[in-house]
Protein chains: 2
Amino acid sequence: MTDTRVTVREVARAAGVSVATVSRVINHNGRFSAQTEARVRDAIERLHYQPNQLARGLRQQRAEAVGVIVPNISNEFFSRMIVTLQAGLFAAGLSIVIYNTNHDPDMERQCHASLAAQRVSGIVSANSLEDVRVAVRRDVPTLYIDREVPEGGLGPNVSSVMSDNVASGRLAAQELARCGCARPMVLTATAGFPVTEVRTRSFAQELARLGVSLDEKRVIHPPATDFPSGHDAVTAALDAGLDFDGVFAQTDRLAMGALEALRERGVRVPQDVAVVGHDDILLARFSRPPLTTIAQDPERIGSLAAQIMLQMVAGELEQGRHELVPVRLVRRESTMRGQNVA
Amino acid sequence: MTDTRVTVREVARAAGVSVATVSRVINHNGRFSAQTEARVRDAIERLHYQPNQLARGLRQQRAEAVGVIVPNISNEFFSRMIVTLQAGLFAAGLSIVIYNTNHDPDMERQCHASLAAQRVSGIVSANSLEDVRVAVRRDVPTLYIDREVPEGGLGPNVSSVMSDNVASGRLAAQELARCGCARPMVLTATAGFPVTEVRTRSFAQELARLGVSLDEKRVIHPPATDFPSGHDAVTAALDAGLDFDGVFAQTDRLAMGALEALRERGVRVPQDVAVVGHDDILLARFSRPPLTTIAQDPERIGSLAAQIMLQMVAGELEQGRHELVPVRLVRRESTMRGQNVA
DNA sequence: TTGAAAGCGCTAACAA
DNA sequence: TTGTTAGCGCTTTCAA
């Protein structure tokens, strides 16, 4: 069993060298003879020595850990992303410290304070509300997930990884157009959410290119992005007599709420209304009907994030990296109309 | 902006006191006049002082952090549990460091080594394969989730929290019996998984009490607990001509795979076969037909875990606490036969 | 190639 | 009530 008590001192004594030499061997620093190294490694092995990360961190002025801030880790997108992020960082000896903010700005401030106090080597911030300008003043490498970040002038300590949201909007537009939709509706997030606004814009643009116009009154901002919000928004739209024959819902949960509302009112999907979701969560293939959706790749995002974070921590980046991860359309029954069931 | 550079020294100087006094005020330790306290707090405020957790941890011989080891955080049960666990610990100033092991014993060893090196204050281990006897020798408080732990004699540093698995088995048995099932089948985990074995045993016992017997040949151990395993196991059972009229699947994913296999073969649920799942994941209400299942309460488990961990860390426990969290039957269409659609 | 020693920022024992 | 100081375990000059 790893004995918590052993220190460099013990190892040094056991190996018959100084603590400095032990440290050199551990960190591959400076020079030492092969013989010395062997003796030290042997002592480490025998004593089950575990370098104290607290002491090392104090000395180096930073912990071998990265902070991860997400709205809610039980969101499938984030939890899947974190799996690969964690694996990638762990392989390089970095641990991850996780916080959920539930989009609460105050909680977010507390998390950042806690991470500062822990002197983490970097911060991965997903979909945070925090002001980027504030972050830039910090000197700790920060990587934003799913977040529009001004590319230039932020220096080497700010990077970002996100899905190709322009492609998302475009693919959704193409799919609904292919279904022959003439009056498409959008269920998006609360107004002002950059990522979803990009998608909506791109959606409208591509529709226009295809000769379909997106009417402002059919762009709906539900209070949240969950199932009930989708359900209620569509129910309200039907009640208000809003006329639509296609839906682009910016989360699958919104889409599934929409499907339920439509079914309740006897509106047929895809015959009367075609529906495209976004994310491709596990649920999507089980909805009634199974949901066509724009799949994100959270695993890819996580491993890319790990890679970039490691580069930033190592000081290898002259400039922040800003990466777009491809999305793809997953066609299921909710858009299977005659013309595209090839 | 939190300035990373400020130390107790600066604060002490600014407040016109010694570093010891600053430390006392911060930690509510020892005595100090109200006036001194005010001056110190003021200085802390003005300088945006953030105590260095690395230094504090080194001095105290332990970090203000708890390690969390799970098979895979993208498993809904764990991610939901972690949300409340994290919140509960954060409120007490503890961060959580997370690892995924994917049930790999070697990875698990590495994680424990890493946590030891970080001198975490405690470890929450979910469904781990690690030997408890090994853990007992460690002096760090360890809390097992979903894990049978011998209650006595482990001392104050080992606790456990899990669902009431005996109740799970009983409820499933009652539900299938109520459906009139005479030849129930069980889809469980790989043999030797303690938690699921408890459920199976309790299931069989309650069935017996109700006059139904569980035939060994209808207890099936699929290779994994996911959708394909459930699908393949049921398909194989049908192919083998196994006769059954009810299924207790020990995860909802297994259950959903079973539903799909049954549908493919034209077996009607619930008319021909009634199905009960376990966990109540988000998906369960969307299956075809919607799945009756035994709901676990991961949020409750997480917050209880936080509470117990805090007690252990504070040294308030004479004995480890071993808590059972209630489960409940959520009845949906997969068991709605005439006799119990009340 | 190796060792001695300073010091990272903090807390706590001891003195005053 | 407050201050002085040792030392947690490590890395890294500086000297040898």
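Modeller: Of the atoms of DNA strand D within 4 Å of the protein, 59% belong to sugar or phosphate, and the rest belong to bases. This is a predicted model, in which local features need pLDDT of at least 70, side-chain atom pairs count only at pLDDT 80 or more, and totals for chains, interfaces and linings use all residues. Residues are numbered from 1 along each chain as its sequence is written, chains are lettered from A and ligands numbered from 1 in the order in which they are written, and side-chain values use heavy atoms, without hydrogens and water.

There are 27 residues around DNA strand D, a residue being near when one of its heavy atoms lies within 4 Å of the strand. Those that come nearest are A:V8, A:Y49, A:R59, B:R24 and B:T36. By type, this surface divides into 10 nonpolar, 11 polar and 6 charged residues. Here Ala, Val, Leu, Ile, Met, Phe, Trp, Tyr, Cys and Pro count as nonpolar, Asp, Glu, Lys and Arg as charged, and the others, Gly among them, as polar.

Phosphate oxygens of DNA strand D take part in several polar contacts (pairs of N or O atoms within 3.5 Å; within protein, one must be able to donate a hydrogen and the other to accept it, and residues adjacent in sequence count only if both atoms are side-chain atoms). A polar side-chain atom of A:Y49 lies 2.3 Å from one such oxygen, and an N or O atom in the side chain of A:N27 is 3.0 Å from a phosphate oxygen. B:S33 uses a polar backbone atom, 2.8 Å from a phosphate oxygen. The elements giving two or more residues to this surface are helix 2 (19–27) and helix 4 (53–60) of chain A, together with helix 2 (19–27) and helix 4 (53–60) of chain B. Helices (H or I, at least four residues) and strands (E, at least two) are DSSP runs, numbered from the N terminus.

Further along chain B, helix 5 (residues 76–90) has 15 residues and reaches 21 Å from its first C-alpha to its last, close to the 21 Å expected at 1.5 Å a residue; the expected span is 1.5 Å times one less than the number of residues. B:N75 caps the N-terminal end of this helix, with a side-chain oxygen 2.9 Å from the backbone nitrogen of B:F77. Of the 15 residues in helix 5 of chain B, 13 are buried, that is, under 20% relative accessible area with a 1.4 Å probe and protein chains only, where exposed means over 50% and partly exposed lies in between.
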